[in-house]
Amino acid sequence: MVSLDELNQTIVACERCPRLIAHCRQVALEKRRAYRDQAYWGRPVPGLGDPQARVLMVGLAPGAHGANRTGRMFTGDGSGDFLIPTLYRAGFASQPTSTHSGDGLVYKDLYLAAAAHCAPPDNKPSGQEIANCRPYLVEHLRLLCEVSVILALGRIGFEAVLAALVESGVPLPAPRPAFAHGAEQRVGRYVLVASYHPSRQNTQTGRRTADMLDAVLARVKTIAGS
Ligand code: SF4
């Protein structure tokens with residue numbers, strides 16, 4: 001039986017998806033001009049958070065110049081800039097900013113995992129790449145014994161959670177849970193809650209607001225008894 005630390009070490013060393021590994025390394029070599037003096041992480045990004053968390057949040061994948069640069073999920077890109085203040089307001093994060101891995105941010109009652117742990121080109125992992133990464137989500141579900149609420153960010157994260165639950169031996173209810181912002185369904189011992197993904201594409205248009213995410217997080221907190 002592996003521990004969370006061992007699982008995350010395995011993730012960081014993973015090379016199951018050659019396309020994604022090549023992309024992470026290429027981005028780390030080329031860099032964005034604004035970060036040219038920084039050493040990029042350039043590898044799979046591990047899960048992180050409170051090992052006793054009652055809430056597991058599952059995102060899509062690291063951002064090329066965000067987590068693939070900083071080595072920490074939702075750190076250093078537009079998604080994180082939008083998400084972390086909402087997590088802070090909900091009491092899941094110790095501070096409202098997430099800029100680099102040594103900035104002191106600590107998660108409380110929350111753990112972060114992803115459908116894919118490597119930054120994909122155009123933010124789109126293939127179905128096969130998500131399937132390659134699924135065993136890590138299954139293992140996170142197994143190791144995070146206190147989790148009672150799973151918050152899936154975006155449709156891809158939502159589908160990744162459903163597939164991981166099935167692979168974990170959790171039967172899905174009928175009708176099959178469908179993705180919609182704010183939707184919640186009991187699946188086995190979990191309550192699965194869906195939210196839009198806080199990517200720039202979603203939040204810049206104004207159709208997806210911080211208030212909408214605040215409301216979902218308040219609901220998650222209530223269900224989890226946080
Ligand atoms: S996406 Fe997941 S399975 Fe694929 S190389 Fe990265 S860590 Fe490994």
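Author: Buried means a relative accessible area under 20%, exposed means over 50%, and partly exposed lies in between (1.4 Å probe, protein chains only). The model is predicted, so local features need pLDDT of at least 70 and side-chain atom pairs pLDDT 80 or more, while totals for chains, interfaces and linings use all residues. Residues are numbered from 1 along each chain as its sequence is written, and side-chain values use heavy atoms, without hydrogens and water.

Reader: Is Pro46 buried or exposed?
Author: Pro46 sits in the loop between H2 and strand S1 (48–49) (helices, H or I of at least four residues, and strands, E of at least two, are DSSP runs numbered from the N terminus). Its relative accessibility is 18%. Because that value is under the 20% limit, Pro46 counts as buried.

Reader: What distance separates the C-alpha atoms of Pro46 and Gly59?
Author: Pro46 and Gly59 are 13 residues apart along the chain. Their C-alpha atoms are separated by 12 Å.

Reader: How many cavities of 30 Å³ or more does a search of the whole structure find?
Author: On a 1 Å grid over the protein atoms alone, a cavity is a set of points where a 1.4 Å probe fits but cannot get out; a pocket is an open set with protein on both sides within 12 Å along at least five of seven lines; lining residues have an atom within 4 Å of a point. With the whole structure searched, the number of cavities of 30 Å³ or more is 1.

Reader: How much space lies in the largest cavity?
Author: A volume is the space filled by probe spheres set on the grid points, which are joined across faces, edges and corners. For the largest cavity, that space is about 110 Å³.

Reader: Which residues of the lining lie nearest the centre of the largest cavity?
Author: The lining has 15 residues. By class it divides into 10 nonpolar, 2 polar and 3 charged (Ala, Val, Leu, Ile, Met, Phe, Trp, Tyr, Cys and Pro are nonpolar; Asp, Glu, Lys and Arg charged; the others, Gly among them, polar). Nearest the centre are Cys14, Cys17, Cys118, Cys133 and Tyr136.

Reader: Which element supplies the largest share of the lining of the largest cavity?
Author: Helix H2 (18–30) and helix H5 (127–143) each supply at least two residues of this lining. The largest share is 4 residues, and the element that provides it is H5.

Reader: Where is the ligand?
Author: The residues around the ligand, each with a heavy atom within 4 Å, include Arg16, Leu20, Ile21, Pro44, His117 and Asn132. Cys14, Cys17, Cys118, Cys133 and Tyr136 also surround the ligand, and these five lie nearest the centre of the largest cavity. A molecule sits in a cavity if more than half of its atoms lie within 2 Å of its grid points; the space taken by the ligand is the largest cavity.

Reader: How many residues of the shell around the ligand are charged?
Author: H2 and H5 each supply at least two residues of the shell, with the largest share, 3 residues, from H5. By class the shell holds 8 nonpolar and 2 polar residues, and the number charged is 1.

Reader: Is Cys17 buried or exposed?
Author: Cys17 is among the residues that surround the ligand. Its relative accessible area is 11%, so Cys17 is buried.

Reader: Which residues of the lining are closest to the centre of the largest pocket?
Author: The largest pocket has a volume of about 870 Å³. Of its 38 lining residues, the closest to the centre are Ser79, Asn123, His197, Ser199 and Gln201.

Reader: Which element gives the most to the lining of the largest pocket?
Author: Helix H4 (78–89), helix H6 (154–167) and helix H7 (200–203) each supply at least two of its residues. By class the lining has 15 nonpolar, 15 polar and 8 charged residues. With 4 residues, the element that gives the most is H6.

Reader: Which residues does the cis peptide bond join?
Author: Most residues other than glycine have a negative phi, and most peptide bonds are trans. Omega is about -5 degrees, and the bond joins Ala174 and Pro175.

Reader: What is the phi of Phe74?
Author: Phe74 lies in the loop between helix H3 (67–70) and H4. Its relative accessibility is 11%, so Phe74 counts as buried. Although Phe74 is not a glycine, its phi is positive, at about 55 degrees.

Reader: Is Asp122 buried or exposed?
Author: Asp122 is in the loop between strand S3 (110–114) and H5, and has a positive phi of about 55 degrees although it is not a glycine. Its relative accessible area is 69%, so Asp122 is exposed.

Reader: What distance separates the C-alpha atoms of Pro198 and Leu112?
Author: Pro198 is found in the loop between strand S6 (190–195) and H7. With a relative accessible area of 0%, Pro198 is buried. Pro198 and Leu112 are 86 residues apart along the chain, and their C-alpha atoms are separated by 14 Å.
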